[in-house]
Structure formats: C-alpha cells, structure tokens
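My notes follow the picture.

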Amino acid sequence: MEDALDDLAPVADVLAMFSAILAQRTKDGALEAWALTGDPDKVVETLTMADQIGKTDRSVGLGLTFDGVVEDDTALVVCPTGIAPFDHLKDDGIRGGQMLTILAATNDGKSLMLAQMAAANIRAGNNVLVHTTEQRDVAALAKVAADLTSIPYKDLEHNVGNARAKASKIMARLRKVHGWGELSVKESAPDFATPAETEAFAEDFEREFNVPPDLIVVDYADRVSAGGKPGRPRYDVQGEVWQAYQNMAVRRMCVVATASQAKPLDKGQTWRGKDHFRDTLRKGHYADVCVSLNWADDRKKGGLHVFKDRMGASLYTIQIVPDWAYGRICAVSELIKSGLSPSEDRRRNDYGGVTQYLDNLDLDEDEDEDPTKKFKG
C-alpha cells in the first residue's frame, strides 16, 4: 500500500479498467443466460447495456430555462391509492416510475389497501395487474370486486347466493358505461414467486389486452424470492427483490405497489417508520414512497403515516377511520354507521349499494352466456 501511495494510477485509468471488466462480465452472463433460456431478446438487451458501461452523457444538459424540454410529464400515468386525503396531497396519486410500499403489522390491512388501490385505479380507467402470493387468486379478485360492486367480500369468495354472477354482471355493465380499466389477477406459490415472474405476467397482460399495465400490485413482496441458490440470507434476497420491482416501475413507467411486514412498535411509539421493516432496511431504501398503517388499540381510528416520499413532503400523518378499511369492501350498514364494530356485523345480508346497480341492469341480457365465467383473474 505504501508503494502504491507513492505513484497512484490516474482515476480515469482505474475507472476504465473496472468498466471493461464489468462490461465483459455482463456479456459473459448474457451468453450463459442464452444457453439456459434460449431467449435472444434478453441477450440483445443485456449486450446493449454492457456496451454502455463506463460511458457518460456529454451533452450540454439543461440550462437556466426550460426551453427545449419535452413536455412528457403530463403523459405519465397517475395511480390513485383510493384514500382521498392522501391522493389530494399527492396531486391525485402516485406517478408512474415509482414504487409504493405499505408497511403494516399482521391483519392491519396490507392486502386490503392494495385491493382497494387496484379498484380505485380500475374506476379511474387505469389497467391493473395483481400478482398475488399471499392468497388464492379468487380471494384477491373477490376483494377488488367487492370494492367495485359493494357485494360483501365473503359472499364473493364463497359465492353465496350466486354473488359472483351478480358481480360479473355489475362490473361488465359499469365497465362499459364508465370506461373502467382492465384487470388481471395472477397467482403464484408463496416464497417461490420472483420479480421475473411478475414481469412475465405483465407481458402476458400486454398480449391479452394490447395495453401495458399502469399499476402492478404485488401482494406482497415479502413472499417473493430473488431466485438463485437457496439458503441465501433474507437480507440479501429482500434487498434484490425490492430493487428489481423499483427497476420495473422505472423501466415500464408504471406504478408498482406492494407491502411489507412490520416489526412491533416499541413502548411509547405511535407510528411505524423506516426502522420497522422486517428482514432488511433496504426495502425502504429502494421504494420511492413508503407509508405505514397504524391503528389504535380500539380499532376505531388509525393513521396513514408517510415516512418517505421522493416526490414530495414526507413525515406526515393522515387520520383515517374504519370506514376506509372495512366499509370500502362492502356496503356500509346502518349498524356500522351507528358505531358497531365491523367485526360484529359479519352476519348481515343487506347489499346496500348493489341493489341500485341491479335495478338498472337488464338481467336478461346475454342470458345464453354463463356470467360466472367472467368472474376470473
């Protein structure tokens, strides 16, 4: 080291040497991948990337004015979360090219928030892909459909009173009338799913609907693996998973929304933040927007705490009430409105708002078609 300090190599020479090594390794990896997969498109993409390693953009760049800047920001997709106060502060939602991560404890509403975000985007005309690793595809679809139709989630999951056929009829009609976006729900075995599988589902979505997904919901990324050799530390695996999904959002200019399990709050703490991610803090490093769901002990009030936001202010809290978490996936009954806990009102059989939809539907239309076939991912 002492000898080296006497005559250090120029920085440019060192960078050039490492750039050449990295480029060659990338090319070697591309050829090995081609030998295993036989996918020439991936090889071309990787070789093109290898040729750019070590090169810099030496254009003039931006000056003191915005003259000449292409006005493409308005073309970016905007994905609402379905929580009105948050969307208002975010100028209608999360911008394309970003990854949203929801941090919450067990049974605090991670999957529910993701399902309601999916429904909000369908109503907004955005196209949604849901990749579920936590529950069966029909259960994930039922949560989204419950939000869209006001038919209770449990009735859709178990098809009580032919609820799925009714929901299919309602969604088909309202999609036609209001121009709803497309929806595809895909299921993978937990702990075996990978970001590459999500990417493959997105490509299937484009082939089926001729449009790319604007929102990709991964429920949830804690159950996703990075692939490769088994037995790797979860610290490394989860970091790679989150980085892959953030890269996916940027590459596709869509929004990727997922969730993560939270550590328990320490005594005296009210809100969860970046230090409460399980497995690795790198999850919060790679995500663009991080929020946590926090409920009071009586479950009658809670808060959405924003502890990271690369595109705006962070470290603020929005008060929310149980109607957001429970009422949105089924009609809010008079018992809940009067103050009864939603968990005590599970036996109700009123459908609330769905009656209004059914009254306006011609139920004899397409009578030769089995409506249950439409209720699918």
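I am working with a predicted model, where local features need pLDDT of at least 70 and side-chain atom pairs count only at pLDDT 80 or more, while totals for chains, interfaces and linings use all residues. Residues are numbered from 1 along each chain as its sequence is written, and side-chain values use heavy atoms, with hydrogens and water left out.

**Sheet.** I looked up the strand order and found an open sheet of eight strands, β5-β4-β6-β7-β3-β8-β9-β10, with mixed pairing. Strands are DSSP runs (E, at least two residues) and helices likewise (H or I, at least four), numbered from the N terminus; two strands pair if DSSP finds at least two bridges between them. The edges are β5 (183-187) and β10 (316-320), each pairing on one side only. Strands β8 (residues 289-295) and β9 (residues 302-309) run antiparallel, joined by seven bridges. One I checked by name: Asn294 has Gly303 in β9 as its bridge partner.

**Helices.** Helix α10 (residues 234-252) lies across β3, β4, β6 and β7, at about 140 degrees to β3. For such angles, axes are lines fitted to C-alpha atoms, for helices over the stretch in contact (heavy atoms within 4.5 Å), and angles run from 0 to 180 degrees between N-to-C directions.

**Cores.** Which residues have the most contacts inside the largest nonpolar core? I found Phe86 and Val291, in a core of 51 residues. Such a core joins buried Ala, Val, Leu, Ile, Met, Phe, Trp, Tyr and Cys residues through side-chain atoms within 4.5 Å, buried meaning under 20% relative accessible area with a 1.4 Å probe, protein chains only. Helix α6 (residues 137-149) gives the most to this core, eight residues.

Key. Buried < 20%, exposed > 50% of the residue type's maximum accessible area, 1.4 Å probe, protein only.
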